[in-house]
Amino acid sequence: MNSRSLGLLLVSAGTILLVLTLTLTLHIAGLLYGVILGSSILLNVLGSGILMKFIADQKLTNL
């Protein structure tokens, strides 16, 4: 799996978890809410970092 696909997968999973936390706000306990929201933030940050590195690498190879 190349880094572009991995980055997109992580960002997608993070977005799904974010939407899940927004839809289930009133129905889940505080600790579970924090774990899901923290996982969403972590996945989005990791995925964005991987995508930024992929874009930088592509720019360097195209020079």
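**View 1. Ser40 is buried in the predicted model, with a relative accessible area of 1%.** Buried means under 20% relative accessible area, exposed over 50%, and partly exposed in between, with a 1.4 Å probe and protein chains only. Ser40 belongs to helix 2. Leaving aside residues up to four places away in sequence, Ser40 touches Gly14, Leu17 and Leu18. A contact here means heavy atoms within 4.5 Å. From Ser40 to Asn62 the C-alpha distance is 33 Å, for 22 residues of sequence. This is a predicted model: local features need pLDDT of at least 70, side-chain atom pairs count only at pLDDT 80 or more, and totals for chains, interfaces and linings use all residues. Residues are numbered from 1 along each chain as its sequence is written, and side-chain values use heavy atoms, with hydrogens and water left out.

**View 2. Ser3 is partly exposed, with a relative accessible area of 32%.** Ser3 sits in helix 1. Its contacts include none of the residues up to four places away, which are not counted; Ser3 touches Ile50 and Phe54. Ser3 and His27 are 24 residues apart in sequence, and their C-alpha atoms are 36 Å apart in space.

**View 3. Helix 1 and helix 2 cross at roughly 155°.** Helix 1 covers residues 3-23 and helix 2 covers residues 30-61. Their axes come within 7 Å. Axes are lines fitted to C-alpha atoms, for helices over the stretch in contact; angles run from 0 to 180 degrees between N-to-C directions. The two helices are therefore roughly antiparallel to each other. That term applies to angles over 145 degrees; under 35 counts as roughly parallel, 65 to 115 as roughly perpendicular, and the rest as oblique. The crossing of helix 1 and helix 2 is left-handed, meaning that the near helix is turned anticlockwise from the far one by less than a right angle.

**View 4. The protein chain holds two helices and zero strands.** Helices (H or I, at least four residues) and strands (E, at least two) are DSSP runs, numbered from the N terminus. The C-alpha atoms fill a box of roughly 50 × 15 × 15 Å along the principal axes. The chain has a radius of gyration of 15 Å, whereas a compact globule of 63 residues would have one near 11 Å. That radius is taken over C-alpha atoms, and the globule rule is 2.2 Å times the number of residues to the power 0.38. Of the 63 residues, 17% count as buried.
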